[in-house]
Amino acid sequence: MIALDNDLQSVQNARELIRNAKKAQSIYAKFSQEKIDSIVKHIAREAYLHAEELAKLANEETGFGNWQDKVLKNVFASSRVYEHIKNLKTVGIINDDRVNKVMEVGVPLGIVTALVPSTNPTSTIFYKTLIALKAGNAIIFSPHPNAQQCSRRAIDIVRKAAEEAGAPAGIVDGLSLLTLEATKALMHSKDVSLILATGGEGMVRAAYSSGTPTISGGPGNGPAFIERSADIKQAVNDIITSKTFDNGVICASEQSIIVERCIYNDVHRELLSQGAYFMNDDESNKLAGILLRPNGMINPAIVGKTAISLSERAGFSVPADTRVLISLQDSVSHKNPYSREKLCPVLGLYIEEDWMKACDRVVELLTNEGLGHTLVIHTQNQDVIRQFALEKPVHRILINTPAALGGIGATTNLIPALTLGCGAVGGGSTSDNVGPLNLINVRKVGYGVRSINDLRHPVVESANEPVVATAPACSSNTSIFDDHRFTSGAAIPATSQPAALYANGDDRFGACAISEAKGEITEESVERIIKEVLGRIGR
Ligand SMILES: CC(=O)SCCNC(=O)CCNC(=O)[C@H](O)C(C)(C)COP(=O)(O)OP(=O)(O)OC[C@H]1O[C@@H](n2cnc3c(N)ncnc32)[C@H](O)[C@@H]1OP(=O)(O)O
């Protein structure tokens, strides 16, 4: 009876939050970009000022990670995320392509419901609030049951800041009475436009099956490949830094090391000198026994614990300076926790004969778990990087960096995010590091009129594409169209957009060059056009 009352009250709480958010968003949706930006700035600042308080609360409540690294995550989720999004255009006319005559208008989605993982319970609230409000949306949080107090405090901070800066009440809030029923009520509501789901597999699956459009992160299982050309000392330092950051709870973190045999002795020595402990078979088995729950999911009792605490729980002791535990492995399976995501400072280590075998192992590990997520390579060899980039089934390939921090965009220039999409291959709807542009719709206004006659003479009908011009020679001895297909003197077909290639893929540029250059192109005429178009698109 009490449980029923609780469920009922919590569902009423969810409905009230939706009503408030709907009202608030209808007002907020009319705010200018400037007004929205000033609100987002104030929220980011307030969040930043509370980074340490919330890090300590999160660590105390969940028992995951360490508060010092959680401070950095809170700073990342407030300051770094803000720095990245502050100049983005998200509402009103966000783009007007006067060459192709297509205008784009940013349209907020409406109400976003956000699930919060217990591993990042305050930083995720900062990050999701900033990206949702920057995109003109309202956001309602459903915190994780094991991190309710700290998440609630984080929500209070962003809500107060939003209102102080002039946002309507209700634009950001969270369930005050948390039950599965209330979370379901949010996820199934017709008034909720999108679920931003980060967390355990069960809740993410529940979000997708609610029928409401969902953007999610997915499970990681990042392999770290140390290739023979790597700077071994730096590679080991990166891996251990990453794996010990907040005691390994970030989903982009390394879960296994793959090493070529020819450098294994050096890697082994370096790992030992930087605080790795190699478990023997007995110790590996003992630890394996507590890494997973009987249902095969990660055991929350081992999440975000130190290497020393893990060894104590497993029943063996390690030197006091141990930072990560390593188990030598030669098999991959769902039952073998060393070949899966662990969310603590434990790594499987695989020795492979050469980089081709290492490639196979990487794919095998990712197919076991973590498809679409992240891998990291330590190498100086550009060919290896290219091969990995072209072929591996992940959406973040990181080079010579700690994966936990590189994947979220802290030590790389990837979009700073705490929801890392795994794309179709990972069962998700996006492969992006999720940001405000994932949280708007874009209304296209087409005002360029093309003749129906274009369809009477389609390009595909002609064997040879009509040539409009010849690439001019440049003083630098390469074509001004910085592309292999258009070296000096080459024919430029009408359907190509050579100048677009020159401008690194900005097709407004190509269309302009083609339409304005017509017929003969000289170096002078193209340079004039380049200048003009770069000016027009603000580069
Ligand atoms: C960039 C990044 O790092 S994003 C990180 C995202 N990744 C992760 O969080 C890792 C995946 N998470 C997990 O595997 C787990 O959450 C763990 C191991 C961390 C913790 O496990 P647990 O404490 O058992 O939490 P879990 O998420 O499984 O949920 C526990 C219960 O709370 C429920 N629950 C979780 N969130 C909610 C919510 N918002 N509302 C209501 N109920 C919820 C779950 O349904 C589950 O119920 P059940 O036990 O009846 O099945």
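Figure 1. N13 counts as buried because its relative accessibility is 12%, where buried means under 20% relative accessible area, exposed over 50% and partly exposed in between, with a 1.4 Å probe and protein chains only. The residue belongs to helix α1, which spans residues 2-28; helices (H or I, at least four residues) and strands (E, at least two) are DSSP runs numbered from the N terminus. Apart from neighbours within four places in sequence, N13 is in contact with L175, S176 and L177, contact meaning heavy atoms within 4.5 Å. A polar atom of the N13 side chain lies 3.2 Å from the backbone nitrogen of L177. The model is predicted: local features need pLDDT of at least 70 and side-chain atom pairs count only at pLDDT 80 or more, whereas totals for chains, interfaces and linings use all residues. Residues are numbered from 1 along each chain as its sequence is written, and side-chain values use heavy atoms, with hydrogens and water left out.

Figure 2. Among the 25 residues around the ligand, S142, H144, T183, C251 and R293 come nearest; a residue is near if one of its heavy atoms lies within 4 Å. The shell divides into 14 nonpolar, 10 polar and 1 charged residues, with Ala, Val, Leu, Ile, Met, Phe, Trp, Tyr, Cys and Pro counted as nonpolar, Asp, Glu, Lys and Arg as charged, and the others, Gly among them, as polar.

**Figure 3. Polar atom pairs at the ligand.** An N or O atom in the side chain of S142 is 2.8 Å from a nitrogen atom of the ligand. Polar side-chain atoms of N120 and of N146 each lie 3.1 Å from an oxygen atom of the ligand. The protein covers 75% of the 1,000 Å² of accessible area that the ligand has on its own, by the Shrake-Rupley method with a 1.4 Å probe.

**Figure 4. Nonpolar cores.** In the largest nonpolar core, of 70 residues, L133, I171 and L439 touch the most other members. Such a core is a set of buried Ala, Val, Leu, Ile, Met, Phe, Trp, Tyr and Cys residues joined through side-chain atoms within 4.5 Å. Another core lies apart from it and has 23 residues, including I232, I257, Y264 and V324. Leaving aside neighbours within four places in sequence, L133 is in contact with Y28, I36, I39, V40, I43, I139, A162, I171 and V172.

Technical notes
A polar contact is a pair of N or O atoms within 3.5 Å; within protein, one must be able to donate a hydrogen and the other to accept it, and residues adjacent in sequence count only if both atoms are side-chain atoms.
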